[in-house]
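Please keep the sequence and the coordinates open while reading.

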Amino acid sequence: MMLKRLIQLYCGLTIYGISCALYIHCGLGADPWDVFHPGVARWLSVNVGTVMIVTGALVLIFWIPLRQRPGLGTLSNVVVLGLATDAALAVMPPLTSLAARCLMLAAAIILNAIATVMYICAGFGPGPRDGLMTGIHRRTGISLRLIRTVIEVTVLLTGWLAGGTVGPGTLIYALTIGPLIQFFLPWFRNGHSELTQRKPVTEKSV
């Protein structure tokens, strides 16, 4: 069982990194963090993967006052996503048509949803960014909805100002990622993840 969970964790993180590379390569816009990472990478003239790794590590610093404890999945998230993204970007061929870019965007969103469910349901701890959100919620009582919105908007604006690509893919991601995660959840659900615990919804928990 442990081996199965570990395989699920690292496969999920690798697929997530590949999905980030697809978002970036298609150039049609992506989720806020994947606008932020390439925007900052372009601004600093470094690899996207490097920015992802450094950003993940910096976000973990904010876990300290929140008394969040990282798990294996948290630490692996910091390293694997950046490496997988850079490796995928290095082998992607140039895109010659809008149709190809649209297909790549669709693949990115679907793979991102699958990967999210895989690595979270493996039960080794949330990623740095998700953990920041839940940690602030536990310490302040502010709704997850508000915290997530503030974080995502801040990251999106920062990435856009730094030169990241905001486009139709950003809106499509926002509208489809939730339903897709819900659709794929039964494929990987197990007893080790918070996603498997059905809790009553309250104003402070949504």
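## Basis and confidence

Helices and strands are here DSSP runs, helices being H or I with at least four residues and strands E with at least two, numbered from the N terminus. The model is a predicted one, in which local features need pLDDT of at least 70 and side-chain atom pairs count only at pLDDT 80 or more, whereas totals for chains, interfaces and linings use all residues. Residues are numbered from 1 along each chain as its sequence is written, and side-chain values use heavy atoms, with hydrogens and water left out.

The pLDDT, which is the predictor's confidence in each residue on a scale from 0 to 100, averages 85 over the protein chain, and 92% of the residues score at least 70. Residues 191–206 have a pLDDT below 50, and this stretch makes 28 contacts in the model beyond near neighbours in sequence, a contact being heavy atoms within 4.5 Å.

## A nonpolar surface patch

Val-54, Leu-58, Ile-61, Phe-62 and Ile-64 form a nonpolar patch on the surface, and their accessible area together is about 510 Å². Accessible areas come from the Shrake-Rupley method with a 1.4 Å probe, and for residues only the protein chains shown count as cover. Patches are made of residues with over 30% relative accessible area and no salt bridge, with like charges joined within 9 Å and nonpolar side chains (Val, Leu, Ile, Met, Phe, Trp, Tyr) within 5 Å; a salt bridge is a side-chain nitrogen of Lys or Arg within 4 Å of a carboxyl oxygen of Asp or Glu.

Helix 3, residues 48–61, contributes the largest share of the nonpolar patch, namely 3 residues. Phe-62 lies in the loop between helix 3 and helix 4 (63–66), and Phe-62 counts as exposed because its relative accessibility is 52%, where exposed means over 50% relative accessible area, buried under 20%, and partly exposed in between (1.4 Å probe, protein chains only).

## Two loop residues with positive phi

Most residues other than glycine have a negative phi. Ser-45, in the loop between helix 2 (32–44) and helix 3, has a positive phi, near 60 degrees, and with a relative accessibility of 66% Ser-45 counts as exposed.

Arg-67 likewise has a positive phi near 60 degrees, and this residue lies in the loop between helix 4 and helix 5 (72–91). At 65% relative accessibility, Arg-67 is classed as exposed.

## Cysteines

How many disulfides does the model contain? With a disulfide taken as a pair of cysteine sulfur atoms within 2.5 Å, the count is 0. Cys-20 is in no disulfide, since its nearest cysteine sulfur, that of Cys-26, is 12 Å away, and Cys-20 is buried, with a relative accessible area of 1%.

For Cys-26, the closest cysteine sulfur belongs to Cys-102 at 8.2 Å, which is too far for a bond. Cys-26 also counts as buried, because its relative accessibility is 2%.

## Buried helix residues and their contacts

Asp-34, placed in helix 2, is buried at a relative accessible area of 5% and is in contact with Cys-20, Tyr-23 and Ile-24. Thr-74, in helix 5, has a relative accessible area of 0% and is therefore buried; its contacts include Leu-60, Trp-63 and Phe-124, together with residues such as Gly-125 and Pro-128.

Thr-116 is found in helix 6 (residues 98–121), is buried at 11% relative accessibility, and is in contact with Tyr-16 and Ile-181. Leu-132 and Ile-151 are 19 residues apart in sequence, and their C-alpha atoms are 9.4 Å apart in space.

## Longer separations

Leu-103 is also placed in helix 6, where at 63% relative accessibility it counts as exposed. Asp-34 and Arg-189, 155 residues apart along the chain, have C-alpha atoms separated by 26 Å.

Conventions: Lists of a residue's contacts leave out its neighbours within four places in sequence.
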